[in-house]
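The paragraphs below go through one protein chain, from its overall make-up to single residues. Please keep the structure open while reading.

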Amino acid sequence: MLVFLAAAILHAGIAEASPAAPLVVLDPGHGGSNAGTRGAGLHEKQLTLVLANLVAQKLRAGGVTVELTRTDDRTLTLRQRIAHANRRAADVFVSIHANASPTRTQRGYETFVLTARGVDVDGRALRSETTTPRPGTDADIALVLDDVERGASQWEAADLAARMQRALRDRRGKDGDRGVRQDAHHVLLGATMPAVLVEVGFLDHPIEGKELADPAVQQLLANAIAEAITEQLAE
Ligand SMILES: [Zn+2]
């Protein structure tokens, strides 16, 4: 019975996903009265908008449809950001942020997902570790059933987050890799598609902040984010 249900859900999903170009919703963090963190003469809300526009350019050049939750300096609630993506039935949602630390000494990049379990995850590793034991069921079918039961988009989000870290590692070096993290990032709550939040670096770090303000570095970061999304869409 469960297998038939799973097959029906999968079938519906495939029928829905097949036709048009994929839609990505990018969310430049903060905006308007909510400036976010600050460093190198830059507000987080400015940096995130620059990056989102660069990522959008890159994706559109590859035939992907992209919408931004904001294209100017306006205040948005967290709920409005996710509502945009849900309403438009986006395939992927990526919220872009920059970090800050109390001592201004931390640096590096990290990607957040909402998951059912409170552990740092690598999507694939977690998937194989947490497969529900199902005696007499083929391993592949067991994976499918797990996806259906827990929400496939959570697993896809973990994969996307792992890709994001890999792509950033390629450009920014492995020392800055703070990993994929699970946290109560309310911006992701309620998303019905794979959704991640990427912190591209620490804007208040004396060195990294200056790097984040550099247009060449901004392009590298945007390329990394676009690459991870493109890989995810190709799955
Ligand atoms: Zn932020």
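Two residues are in contact here if their C-beta atoms, placed from the backbone, lie within 7 Å. The coordinates are a predicted model, in which local features need pLDDT of at least 70 and side-chain atom pairs count only at pLDDT 80 or more, while totals for chains, interfaces and linings use all residues. Residues are numbered from 1 along each chain as its sequence is written.

The chain has eight helices and eight strands; these are DSSP runs numbered from the N terminus, with helices being H or I of at least four residues and strands being E of at least two. Of the 235 residues in the chain, 40% are buried. A residue is called buried if 20 or more other C-beta atoms lie within 10 Å of its own, exposed if 12 or fewer do, and partly exposed in between, with C-beta atoms placed from the backbone. Among contacts with a separation of 6 or more, 81% join residues 24 or more positions apart.

Six strands form an open sheet with mixed pairing, in the order β4-β1-β5-β8-β6-β7. Two strands pair if DSSP finds at least two bridges between them. At the edges are β4 (65–68) and β7 (177–182), each of which pairs on one side only. From one strand to the next the twist averages 20 degrees. Angles run from 0 to 180 degrees between N-to-C directions, and axes are lines fitted to C-alpha atoms, for helices over the stretch in contact. Strand β1 (residues 23–28) runs parallel to β5, and five bridges join the two.

Valine 94, in strand β5, counts as buried because it has 27 C-beta neighbours inside 10 Å. Leaving out residues up to four places away in sequence, valine 94 touches Leu26, Asp27, Val196, Val198, Ile225 and Ile229. Leucine 68 is 26 residues from valine 94 along the chain, and their C-alpha atoms are separated by 9.8 Å.

Helix α2 also meets another helix. The axes of α2 (residues 44–61) and α8 (residues 215–234) come within 8 Å and cross at roughly 50 degrees. That angle makes α2 oblique to α8, since angles under 35 degrees count as roughly parallel, over 145 as roughly antiparallel, 65 to 115 as roughly perpendicular and the rest as oblique. On the α2 side the contact involves Val50, Leu51, Leu54, Val55, Lys58 and Leu59, which meet Gln218, Gln219, Leu221, Ala222, Asn223, Ile225, Ala226, Ile229 and Thr230 in α8. These residues divide into 10 nonpolar, four polar and one charged, where Ala, Val, Leu, Ile, Met, Phe, Trp, Tyr, Cys and Pro count as nonpolar, Asp, Glu, Lys and Arg as charged, and the others, Gly among them, as polar.

Two loop residues remain. Alanine 40 lies in the loop between β2 (38–39) and β3 (42–43), and its phi is near 55 degrees, a positive value in a residue other than glycine. With 17 other C-beta atoms within 10 Å, alanine 40 is partly exposed. Alanine 89, in the loop between α3 (78–87) and β5 (92–99), is not a glycine either, yet has a positive phi of about 50 degrees. Alanine 89 is exposed, because 12 other C-beta atoms lie within 10 Å.
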